[in-house]
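Dear colleague,

My notes on what was found follow it.

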Amino acid sequence: MLLYYITDRTQFPGSEAKRREQLLDKIAEAANCGVNYIQLREKDLPIREFEQLARRAVDIVQRANATRSAVQPLPATALLINSRIDIALAVGADGVHLTSTDIAASEARAIWPKSATPGRNPVVGVSCHTATEVSRAAAHGADFAVFAPVFGKVQTGASGVGLSALREAVGVISKPDRRVEAGDNRVTIPVLALGGVTADNAQACLAAGAAGIAGIRLFQQGNISDIRSL
């Protein structure tokens with residue numbers, strides 16, 4: 001099961017400075033627990049402050065990966081920057097997470113080699129809200145898609161699209177790729193469930209075909225080591 005932590009420092013109490021420190025502590029916890037991906041999403045921050053926060057987050061994740069690899073057989077955690085490829089490159093992040101209105105994953109990959117670190121392959125995730133968007137993300141070479149909102153959110157009153165829509169989104173990438181004339185070649189990428197996902201309904205998402213779960217509150221308000229054992 002893939003785990004994807006999306007950050008939101010505004011959920012933490014205290015001053016802005018304290019919120020940032022709590023966020024960095026939670027990022028460290030996630031990386032030490034082997035969460036697969038962390039998306040630094042603090043999009044309301046001024047660019048300069050966001051970059052500074054991103055540099056600290058990258059350092060924390062890299063140190064956690066180095067320490068954990070020596071004692072635990074868990075995959076390295078990848079830190080992704082929300083939308084801003086320029087900042088991702090500047091701070092040495094592992095990749096970017098794109099919204100459905102950003103450039104395509106293939107365009108992001110085309111930009112990456114032009115950086116100061118040519119040849120480094122970025123991790124590219126894409127937010128999707130329909131099966132068509134998931135199919136498009138796969139066709140453009142995304143590493144994974146985050147499909148949302150699966151469940152409703154009590155905090156906002158927003159409704160979810162349900163497990164049937166998640167199942168459809170997973171199913172669309174399992175169809176043969178018509179761009180390939182011969183063989184049973186398939187464009188397949190992991191689809192992660194987002195939106196109202198909790199410890200209680202995570203298994204239902206996996207049963208619907210999701211390769212993992214994503215969330216904000218799920219990780220920020222819970223014990224991440226418990227989430228990994230779901």
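A salt bridge here is a side-chain nitrogen of Lys or Arg within 4 Å of a carboxyl oxygen of Asp or Glu. Buried means under 20% relative accessible area, exposed over 50%, and partly exposed in between, with a 1.4 Å probe and protein chains only. Please note that this is a predicted model, in which local features need pLDDT of at least 70 and side-chain atom pairs count only at pLDDT 80 or more, while totals for chains, interfaces and linings use all residues. Residues are numbered from 1 along each chain as its sequence is written, and side-chain values use heavy atoms, with hydrogens and water left out.

The chain as a whole

The secondary structure comprises nine helices and eight strands; these are DSSP runs numbered from the N terminus, helices being H or I with at least four residues and strands E with at least two. Of the 230 residues in the chain, 45% are buried. Contact means heavy atoms within 4.5 Å. Of the contacts between residues at least 6 apart in sequence, 60% join residues at least 24 apart.

Asp8 lies in the loop between strand E1 (2-6) and helix H1 (16-32). Asp8 is buried but has no salt bridge, and the nearest side chain of opposite charge, Arg9, is 5.5 Å away; for charge, Lys and Arg count as positive and Asp and Glu as negative, with His and the chain ends not counted. The Asp8 side chain does have a polar contact of 2.5 Å with that of Thr10. A polar contact is a pair of N or O atoms within 3.5 Å; within protein, one must be able to donate a hydrogen and the other to accept it, and residues adjacent in sequence count only if both atoms are side-chain atoms.

Arg20 belongs to helix H1 and is buried, at a relative accessible area of 18%. Its side chain makes a polar contact of 2.5 Å with the side chain of Glu49.

Helix H5

In helix H5 (residues 131-139), the buried residues are Ala131, Glu133, Val134, Ala137 and Ala138. Viewed down the axis of H5, they fall within an arc of 160° (taken from the directions from the helix axis to the C-beta atoms), so they line one face of the helix. Their cover includes strand E5 (123-128) and helix H6 (163-172), among others. Just after H5, Gly141 adopts a positive phi of about 85°.

Cysteines

Zero disulfides (pairs of cysteine sulfur atoms within 2.5 Å) are found in the whole structure. Cys33 is buried at a relative accessible area of 17%, and Cys205 is buried at 0%.

With kind regards
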